Amino acid sequence: MPIDIKKLQETFEAANYIDTSKTVWNYSLLTDNDVRNFQNGTHYALYEKFGSHSIEVNGTWGMYFCVWAPNAQFVFVTGNFNDWNKITHPLTARWDHSGIWEGFIPGFELGELYKYHIVGMQNTVTDKGDPFAHYWELRPMTASITWDLHYDWNDAEWMANRKKKNALNAPWSVYEVHLASWQRPDPSDEHSYNSYDQLVTSLVPYVKEMGFTHVELMPVTEYPFDGSWGYQTTGYFAPTSRFGDPQGFMRLVDAFHQAGIGVILDWVPSHFPYDAHGLYLFDGEHTYEYADMRKGYHPDWNSYIFNYKRGEVKSFLISSARFWLERFHLDGLRVDAVSSMLKLNYSRNEGEWEPNEFGGDGNLEAITFIKHLNETIYRDFPDVQTIAEEATDWPGVSRPTFEDGLGFGMKWMMGWMHDSLDYFKLDPVHRKFHQNDFTFSMMYYYDENFMLPISHDEVVHGKSPLIYKMPGDLWQKFANLRLFFTYMWTHPGAKLLFMGSEFGQTTEWDYKSELNWSLLQHNSHKGAQQCLKALNAVLVEEPAMHVNQFNQDGFEWVDLNHRTESVMVYKRKGLKAEDDLLVLLNMTPEVRYDWVVTVSGKTYTEELFNSDRRQYDGTGDVFNKDIRSELIDADTRQYKITLNLPPLAGIILK
């Protein structure tokens, strides 16, 4: 049968006819494959099609809009361009019942404010920001802003080599930062912010000078309430306008990369707030969140939980993750509140949750989502890391999905954090009774790829700043702090430290103010800062400190037999024995002269680091210029080392 060319042509024209007489032209960027993948939870670049896009149609420039509102009767675009008229610019629902509304508005320019005016099935009316907007009004205003993301990057060298910098056998010393309160132009004004560009000239050089390898930014995804610290997100595709436009954030990331520093972003796929312009009841119904509030409401944070069962929600979240990695060149995502995603009974009492289909407490849909998230990220960005903030004993969080793990690169070691702080809070005279608590971390350390976190959560809400967790008088507090840093930095695993802790911030963190930088005029605070800087240098320069940090070849207890004196000794081991380091921790204020340690394999003759050095505001009186070494068994290559241990101090020998 011959093909009817005329009929095919008429069919094509009817399907692709654009009625330019209307205020909103019928136009689509979506293919059938886009829609299918969106619905199946396998579209991982929605930001290329959804939201607002400046394009040319039939020789006319304007803005294409695309939004998912499956329970809507009508969707309109409203904004400055039409004096916020709510009904003059209607979008068109796709014929395929996908719940996607779209259209092209000629003459619509970049930099314009807009919202979606949505009429729901029950005639509910909502005015919503664009879930895919790249730029938002400065809070408390809530409109989205049309924007493009063009930027000429200057970090080609970093991007070409970052696989090595972000590898699991690379040094990881992470500085956790809340951009608003690190420094402020006016410390007394909580609404005073340094711009992204000002942070380029202040924060980047500081992180570089301190020797941190990475910076972790508390959420900069757009958020309405300062007091949420960024953890209640409304803009999953936009850096907050508090500090400038998206290109400003790009310049900040670019500057970090040019300084050789990786950038990790806190990312929150676990819950979102109920703000009227956000995702909650987006089209008058439970669209992004579970309808069953036993799964859909988070009692701790008065927020709402994503419906991980919906393919469209999975596509939205994984697209968000990829967006930050692709468009902003980020080096990884620290995924917040993973525990709350995994557990149906998280923070819920009996009767407030429903078991899964197998009778368990795991959220099977969230588990599947997390696995797909990590598989997608490591497939598309093999030179980045995902890091789980997960506080339970859930198995295999940082194990590959093909081994039935969740697929993260690392997991926060919350147990280490609690046990270590509890130990250091003790008066040194009592530490001998708690050595088992101190050493317990190595009993389960190899279960995961652990990051050791001293985060913002440990210095707020009455928990006291890190320096005041330390016992004793002022001298002992700072000696303990330097000792704690030495222990943390020589323990296997990646390190994360919240801003201000490095110099002994004396007040709890307050998001409304700034760090107390004036403390650095005091030798004790300056000394703590310099001590940590030196430890960062050792971490980077000595292979034994990182090459085997996640496997059993990297650590060995040498001496735990001096419980009464509270002296503990261990090795950090490299790929070659000559790279091994010996760490000695004296957990009491007693000086230990002529202390004897027996080691095997090699001897140690150089004091590489001593936390009691005068430049760290230590005593400077107890050091080891010449370490006495004696071979006591040639067959087993055992050596007796005699040295001096300073009070409340850690030393590293090479």
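Ser-566 is buried, with a relative accessible area of 2%; buried means under 20%, exposed over 50%, and partly exposed in between, with a 1.4 Å probe and protein chains only. The phi of Ser-566 is near 55 degrees, a positive value in a residue other than glycine. Ser-566 lies in the loop between strand 21 (555–562) and strand 22 (567–572). Strands here are DSSP runs of E with at least two residues, helices are runs of H or I with at least four, and both are numbered from the N terminus.

The model is predicted: local features need pLDDT of at least 70, side-chain atom pairs count only at pLDDT 80 or more, and totals for chains, interfaces and linings use all residues. Residues are numbered from 1 along each chain as its sequence is written, and side-chain values use heavy atoms, with hydrogens and water left out.

Leu-648 also has a positive phi, about 45 degrees, although it is not a glycine. Leu-648 is buried, at a relative accessible area of 1%. The loop that holds Leu-648 runs between strand 27 (638–645) and strand 28 (649–653).

A further backbone feature is a cis peptide bond. This bond joins Arg-139 and Pro-140, and omega is about 15 degrees. Pro-140 sits in the loop between strand 7 (125–128) and strand 8 (144–145).

Four strands form an open sheet in the order 1-2-5-4, with antiparallel pairing. Strand 1 (51–57) and strand 4 (92–93) are the edge strands, and each pairs on one side only. Two strands count as paired if DSSP finds at least two bridges between them. Strand 1 pairs with strand 2 (residues 60–68) in the antiparallel sense over seven bridges. Gly-51 stands opposite Cys-66 in strand 2.

Helix packing was examined next. The axes of helix 2 (residues 32–40) and helix 8 (residues 311–327) come within 5 Å and cross at roughly 100 degrees. Axes are lines fitted to C-alpha atoms, for helices over the stretch in contact, and angles run from 0 to 180 degrees between N-to-C directions. Helix 2 and helix 8 are therefore roughly perpendicular to each other, a term for angles of 65 to 115 degrees. The contact (heavy atoms within 4.5 Å) is made by Asn-37, Phe-38, Gln-39 and Asn-40 of helix 2 and by Gly-311, Glu-312 and Ser-315 of helix 8. These residues divide into one nonpolar, five polar and one charged. Ala, Val, Leu, Ile, Met, Phe, Trp, Tyr, Cys and Pro count as nonpolar, Asp, Glu, Lys and Arg as charged, and the others, Gly among them, as polar.

Notes
Parallel < 35°, antiparallel > 145°, perpendicular 65-115°, else oblique.
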